[in-house]
Amino acid sequence: MTTRYTKDHEYIRVEGDAGIVGISDYAQGQLGDVVFVELPSVGKTLSKGDEAAVVESVKAASEVYAPVSGEVVEVNSELEASPGTVNEDPAGRGWFMKIRLTNESELDGLMTEEQYGEFVKSIS
Amino acid sequence: MAEPAHSDEPLLKTPLHAEHVALGARMVPFAGYDMPVQYPTGILTEHNWTREHAGLFDVSHMGQAFLAAEDKSHETVAKALEALIPADVVNLKPNQQRYSQLLADDGGILDDLMVTRVGAPGHEGWLYLVVNASMKEQDYAHIQARLPKGVSLNRKDELGLMALQGPSAEAVMAKLSPEAAALSFMMSADVQIDGIWCHVSRSGYTGEDGFEISCKGEDAAKLWRALLADPEVKAIGLGARDSLRLEAGLCLYGHDIDTTTSPIEAGLIWSIQKRRREEGGFPGAARVQREIKDGAARVRVGIRPEGRAPAREGSVITTPDGREVGIVTSGGFGPTVNGPVAMGYVAKDVSAVGTDLHLIVRGKPLPAKVAAMPFAPHRYKR
């Protein structure tokens with residue numbers, strides 16, 4: 001199991017040929033109270049960098065981009081009723097979607113936990 | 001309140017800036033000032049606290065100024081201002097406050113503002129104005145250029161201004177100034193709180209009962225702390241101020257009203273008293289009177305999206321069959337409503353409460369209905 005991060009603050013936690021995608025703890029803190037999440041439909045094919053979901057705080061809407069290319073195989077529909085879960089547990093129950101990777105080598109271009117920690121420090 | 005300043009300009013600080021930083025606020029540029037958008041508990045908690053207890057807002061960035069007649073006559077100063085705004089100023093009682101708009105010659109709104117007839121002895125012929133932070137330079141220049149001889153504009157940038165809003169506001173104020181706590185809606189008084197001179201009015205912009213308190217800048221931090229010392233009071237940032245005023249159906253200048261909208265289109269006819277509607281004598285009176293008589297072609301309405309997705313400012317409004325009929329001017333999540341709320345302008349024929357509309361959000365039509373405003377009931381102390 002490896003977790004990788006994008007500079008747009010998405011994470012992907014890879015298990016086998018699929019990965020769980022969400023937003024980082026830093027991102028949820030910056031957004032503030034999440035009040036709405038729009039998820040993609042299961043079966044949708046995404047290219048790395050595509051707009052995959054929308055997360056809205058009281059103040060504004062933000063896009064969540066696909067950290068890798070692949071097919072959406074599952075979404076966290078709990079977020080429709082409890083969007084605040086993204087704030088409470090972004091790395092756990094606040095996940096957005098599960099993507100089956102089509103190109104595992106794309107992970108190499110993403111940051112490790114340690115690199116992401118340094119990145120956040122450099123921008124905050 | 002409107003647009004953020006250009007980021008390359010140095011930001012101004014209110015007299016309460018250090019208080020916000022000490023409370024751990026997230027500071028953002030707003031109207032040229034470095035302002036708290038939220039404190040550590042976040043916008044939802046702050047919003048709900050204000051509706052259930054009392055919130056304290058720093059609004060010192062707003063423009064405070066006095067108009068004064070040399071001859072110390074209320075009528076002189078009132079007539080001078082009536083030439084610029086559609087409210088009845090002449091018939092204001094001492095210490096009475098009114099909401100109004102500075103109008104352009106075509107009836108467009110240059111800014112909205114609060115006007116109070118100063119009641120303090122020795123200040124006969126004075127009006128107290130509060131204008132939007134983002135508009136104050138333009139407003140002052142506009143007013144200055146149009147004042148008759150014998151009436152002067154004195155801006156008071158050194159004053160602080162805070163708002164105490166919520167159902168507990170009266171009880172909190174009663175402990176500090178029973179006189180201020182006894183005020184009725186849109187009335188004001190000059191009082192002492194903890195030895196500090198304050199001008200207190202029974203008003204605000206959240207839909208809740210509450211007070212706006214002006215004081216000298218150097219006293220602002222002491223007063224802020226005295227108010228926050230009450231366990232019913234918490235500091236509230238601009239984020240919750242926006243969601244509170246949106247639920248209250250109140251206009252935000254630069255968004256819901258601007259130079260392209262008239263007070264009648266904006267549904268602000270209640271702020272134009274009968275005498276002024278009939279007599280006119282303010283900029284844009286011809287348009288305003290025509291729109292009162294014939295109705296405006298488009299009007300500001302409340303809108304409730306049917307799902308959970310908020311529709312933000314700029315979302316296009318269509319009929320269910322796709323005819324474009326308007327645009328959203330404010331929209332977001334209403335914590336008290338516990339759902340998305342919006343306001344915007346629509347063509348008159350689709351403005352009735354209950355009319356089905358679509359809001360175009362991220363390219364997709366979102367079903368919505370015209371809804372009565374306010375979304376959260378006003379709880380003013382009449």
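Analyst: The UniProt record, in an unreviewed entry, places the feature "domain: Lipoyl-binding" at residues 18-100 of chain A; UniProt positions are given in the numbering used here, feature names are shortened, and annotations may be inferred rather than shown by experiment. Over residues 18-100 the chain is 18% helix and 42% strand, and the end C-alpha atoms are 4 Å apart, where helices (H or I, at least four residues) and strands (E, at least two) are DSSP runs, numbered from the N terminus. The model is a predicted one, in which local features need pLDDT of at least 70 and side-chain atom pairs count only at pLDDT 80 or more, whereas totals for chains, interfaces and linings use all residues. Residues are numbered from 1 along each chain as its sequence is written, while chains are lettered from A and ligands numbered from 1 in the order in which they are written.

The UniProt record also places the feature "modified residue: N6-lipoyllysine", again from an unreviewed entry, at Lys59(A). Lys59(A) sits in the loop between β6 (51-57) and β7 (61-65) of chain A. Lys59(A) counts as buried because 21 C-beta neighbours lie inside 10 Å; the term buried asks for 20 or more other C-beta atoms within 10 Å of a residue's own, exposed for 12 or fewer, and partly exposed covers what is in between, with C-beta atoms placed from the backbone. Leaving aside neighbours within four places in sequence, Lys59(A) is in contact with Gly32(A), Ile43(B) and Gly239(B), contact being defined as C-beta atoms, placed from the backbone, that lie within 7 Å.

Across the whole meeting of the chains, eleven residues of chain A are in contact with 13 residues of chain B. On the side of chain B that touches chain A, α2, α8 and β16 (324-334) each supply at least two residues. That side of chain B divides into five nonpolar, five polar and three charged residues, where Ala, Val, Leu, Ile, Met, Phe, Trp, Tyr, Cys and Pro count as nonpolar, Asp, Glu, Lys and Arg as charged, and the others, Gly among them, as polar.

Two of these elements also meet one another. Two packed helices are described by the angle between their axes and the distance between the axes. In chain B, the axes of helix α2 (residues 43-52) and helix α8 (residues 238-247) come within 8 Å and cross at roughly 55°; axes here are lines fitted to C-alpha atoms, for helices over the stretch in contact, and angles run from 0 to 180 degrees between N-to-C directions. The helices α2(B) and α8(B) are therefore oblique to each other, since angles under 35 degrees count as roughly parallel, over 145 as roughly antiparallel, 65 to 115 as roughly perpendicular and the rest as oblique. From α2(B), Ile43(B), Glu46(B), His47(B) and Thr50(B) meet Gly239(B), Ala240(B), Ser243(B) and Leu244(B) of α8(B). The residues of this contact divide into three nonpolar, four polar and one charged. Ile43(B) and Gly239(B), which take part in this helix contact, are also in contact with Lys59(A).

Key
Contact = placed C-beta atoms within 7 Å.
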